Amino acid sequence: MLEIHTKLTDNNISDFDDKVSMSFDLRQKSRIRVKLASGREAAIFMARGEILRGGDVLQAQDGSIIQVQAADQQVMIVTTHSAHALMRAAYHLGNRHVPLEIGDGWLKLEADYVLKDMLLGLHVNVEETDAPFEPEAGAYGGGHHHHHDDHDHSHHHH
């Protein structure tokens, strides 16, 4: 099995030996087995907390160059009639630490019926579709990870 331990920092490479398409959930895992576009099996080993993004370039131990692609997955696209309503939706989602992709006039998040009900209660439009998902990176450089075994937060939610 092909082993991949290296993420290249030069994303200007255009000649790939293979590609791997993964959902956001899979791109967050530090150790994962995948099937490449060619059908080859590979094991990807990344540093804990490193999130692979669509367009990232990996190098396998045999020297082959593999491009990461953000796979289509079930997402919800939030749009609305006003900037205020969209900001309210973003505030409530952020309060729940929901990974969000933010565009010009829209929010994208992983499909979740509880969050859909909340959003509809905020009077915004929610469209379910299959699309690649590339949420914002954490505000402090890496991913924003909470490791709560219980839900005793040290900060207050209002």
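1. Start with Glu41. In this predicted model, Glu41 is partly exposed, with a relative accessible area of 36%. Its salt-bridge partner is Arg33, and the closest N and O atoms are 3.8 Å apart. Arg33 is exposed, at a relative accessible area of 61%.

2. Next, look at Arg40 and Asp62. Their side chains meet in a salt bridge, 3.6 Å from N to O. Arg40 sits in the loop between strand 3 (31-35) and strand 4 (41-45), while Asp62 sits in the loop between strand 5 (57-60) and strand 6 (65-70), so the pair ties together parts that are 22 residues apart in sequence. Arg40 is partly exposed, with a relative accessible area of 39%. Asp62 is partly exposed as well, at 48%.

3. Where does the Lys108–Glu101 pair lie, buried or exposed? Both residues are buried. Their side chains form a salt bridge, with N and O 3.6 Å apart.

4. The structure holds 9 salt bridges. Some link up: Lys7, Glu50 and Asp56 belong to a network of them. Side chains of opposite charge can pair when their charged atoms come close.

5. Turn to the aromatic rings. A search of the whole structure finds 1 aromatic pair. The ring centres of Phe24 and Phe133 are 5.4 Å apart and the planes meet at 85°; planes over 60 degrees apart count as edge-to-face, so this pair is edge-to-face. Phe24 lies in helix 1 (residues 24-27) and Phe133 in the segment after strand 10 (125-131), so the contact ties together parts 109 residues apart in sequence. Phe24 is buried, with a relative accessible area of 3%. Phe133 is buried too, at 0%.

6. Check helix 2 for length. At 1.5 Å a residue, its 13 residues (83-95) should span 18 Å, and the end C-alpha atoms are 18 Å apart, which agrees. Just after this helix, His97 takes a positive phi of about 55°.

7. Which residues of helix 2 are buried? They are Ala85, Leu86, Ala89, Leu93 and Asn95. These buried residues pack against strand 7 (73-79), strand 9 (106-110) and helix 3 (113-121).

8. Now the whole protein. It has 3 helices and 10 strands. From the N terminus, the order is β-β-α-β-β-β-β-β-α-β-β-α-β. Of its 158 residues, 37% count as buried. The protein exposes about 9,700 Å², and carbon and sulfur atoms supply 48% of that area.

9. Last, the contacts. Take those with a separation of 6 or more: residues 24 or more positions apart account for 68% of them.

Terms used. Residues are numbered from 1 along each chain as its sequence is written. This is a predicted model: local features need pLDDT of at least 70, side-chain atom pairs count only at pLDDT 80 or more; totals for chains, interfaces and linings use all residues. Side-chain values use heavy atoms; hydrogens and water are left out. Rings of Phe, Tyr and Trp (its six-membered ring) pair if their centres lie within 6.5 Å; planes under 30 degrees apart count as stacked, over 60 as edge-to-face and the rest as tilted. Helices (H or I, at least four residues) and strands (E, at least two) are DSSP runs, numbered from the N terminus. Buried means under 20% relative accessible area, exposed over 50%, partly exposed in between (1.4 Å probe, protein chains only). The expected span of a helix is 1.5 Å times one less than its number of residues. Contact means heavy atoms within 4.5 Å. Accessible areas come from the Shrake-Rupley method with a 1.4 Å probe; for residues, only the protein chains shown count as cover. A salt bridge is a side-chain nitrogen of Lys or Arg within 4 Å of a carboxyl oxygen of Asp or Glu.
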